[in-house]
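This briefing goes with the sequence and the three-dimensional model shown below, and its points are grouped by topic for reading beside the structure.

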Amino acid sequence: MIRLKDILTERKASESKAFKAVEDNLQHIAYQFAETGARFVGSGYWGRAYQTDAGRILKVTSDPQEVAIASRFKKLSARPHVVGIYDVRPISPVTMPFGSDGREHDVFPRGYYVIHMDAVTPLEKYSEGQLEYIWEDEFLQSAFLRYGETDQQVRDRFEPIAKHHGVEEDFHRLMSQRQKILQDARALGLKRAEAHAGNVGFNRHGNFVFYDMHGSGYNDRPNPNNLGRPVDLTPDDTKYDWTGIMDVV
């Protein structure tokens with residue numbers, strides 16, 4: 001949830017005090033996904049990501065479009081070049097009485113979700129940014145994802161550039177996967193412009209994967225039928241201290 005005061009101060013949604021409640025109860029959240037050892041690895045505007053002992057990611061986000069996309073990707077995650085998404089679940093809101101009137105108030109609001117997914121190294125953080133440079137600034141993205149270009153045409157044009165930037169081995173690995181990548185791009189209905197370096201990368205198996213697409217063709221709201229059962233923020237036998245959180249979430 002974005003409030004006017006957050007916009008005026010350029011405060012990220014991921015800096016909301018709601019995330020303090022998430023991180024205070026992070027291991028309980030991870031337990032509900034059969035994960036352990038969740039720890040913070042990064043954040044964006046809408047959410048924060050936590051990596052588990054098994055090398056998977058629990059991403060907590062308040063971006064409804066990202067959730068809608070993730071739930072759609074989940075149906076296609078058996079494809080080798082679509083990020084593996086295991087579950088997408090809402091976090092149950094928490095209400096409690098406080099104030100002079102004793103009325104129930106939201107202390108943890110609706111609209112937060114957990115995406116359980118494979119870890120991906122984005123192209124923009126891969127090979128010290130050299131592959132990202134070729135993908136975007138040298139226009140490999142456009143040629144690679146154009147169905148009319150043959151593998152040989154792409155290879156002839158970009159192999160010297162990859163060699164010059166010291167990522168020839170990575171380029172060969174990418175080219176060896178191209179035909180199946182194109183098949184999965186077609187299954188996603190992907191537009192070339194959507195596959196920028198922040199939305200593609202490599203998973204732990206070395207597969208090039210698409211993830212986190214935000215094109216105009218995707219729904220803005222998640223379909224409840226595509227979501228898993230709600231996640232409990234706190235254990236039933238634990239009394240959580242909401243002081244300092246309940247007035248600002």
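Helices (H or I, at least four residues) and strands (E, at least two) are taken here as DSSP runs and are numbered from the N terminus. The model is a predicted one, in which local features need pLDDT of at least 70 and side-chain atom pairs count only at pLDDT 80 or more, while totals for chains, interfaces and linings use all residues. Residues are numbered from 1 along each chain as its sequence is written, and side-chain values use heavy atoms, with hydrogens and water left out.

**The chain as a whole**

- The chain holds nine helices and 10 strands, and of its 249 residues 47% are buried, where buried means under 20% relative accessible area, exposed means over 50%, and partly exposed lies in between (1.4 Å probe, protein chains only).
- Among contacts (heavy atoms within 4.5 Å) between residues at least 6 apart in sequence, 66% join residues at least 24 apart.
- The accessible surface comes to about 12,900 Å², of which 48% belongs to carbon and sulfur atoms; accessible areas come from the Shrake-Rupley method with a 1.4 Å probe, and for residues only the protein chains shown count as cover.

**Nonpolar cores**

- A nonpolar core is a set of buried Ala, Val, Leu, Ile, Met, Phe, Trp, Tyr and Cys residues joined through side-chain atoms within 4.5 Å.
- The largest nonpolar core has 45 residues, and Trp135, Leu140 and Phe210 touch the most other members; helix H4 (residues 64-76) contributes the largest share of this core, five residues.
- Leaving aside residues up to four places away in sequence, Leu140 touches Ile134, Trp135, Val154, Phe158, Phe171 and Leu174.
- A second, separate core has 22 residues, including Ala21, Leu26, Ile29 and Val60.

**Salt bridges**

- A salt bridge is counted where a side-chain nitrogen of Lys or Arg is within 4 Å of a carboxyl oxygen of Asp or Glu, and by this rule the count comes to 10.
- Side chains of opposite charge can pair when their charged atoms come close.
- Glu35 forms a salt bridge with Arg56, with the closest N and O atoms 2.6 Å apart; Glu35 lies in the loop between H3 and S1 and Arg56 in strand S3 (residues 56-61), so this pair ties together parts that are 21 residues apart in sequence.
- Within that pair, Glu35 is buried at 5% relative accessible area, whereas Arg56 is partly exposed at 22%.
- Lys74 and Asp87 meet through their side chains in a salt bridge at 3.5 Å, N to O, and since Lys74 lies in helix H4 and Asp87 in strand S4 (residues 85-90), the pair ties together parts that are 13 residues apart in sequence.
- Lys74 counts as partly exposed at 30% relative accessibility, and Asp87 counts as buried at 16%.
- Asp170 forms a salt bridge with Arg173, with the closest N and O atoms 3.2 Å apart, and the two are three residues apart in helix H8, which means that about one helical turn separates them.
- Asp170 is buried, with a relative accessible area of 13%, while Arg173 is partly exposed at 24% relative accessibility.

**Asn203**

- Asn203 is found in strand S9 and counts as buried at 12% relative accessibility.
- The side chain of Asn203 reaches the backbone nitrogen of His205 at 2.9 Å.
- Asn203 also touches Pro80, Ala119 and Val209, not counting residues up to four places away in sequence.

**Positive phi outside glycine**

- Ala34, in the loop between helix H3 (26-31) and strand S1 (39-43), has a phi near 60°, a positive value in a residue other than glycine, and at 69% relative accessibility Ala34 counts as exposed.
- Phe139, in the loop between helix H5 (130-136) and helix H6 (140-144), has a phi near 70°, also positive in a residue other than glycine, and Phe139 is exposed, with a relative accessible area of 52%.

Methods:
Polar contact = N/O pair within 3.5 Å; in protein donor to acceptor, adjacent residues only side chain to side chain.
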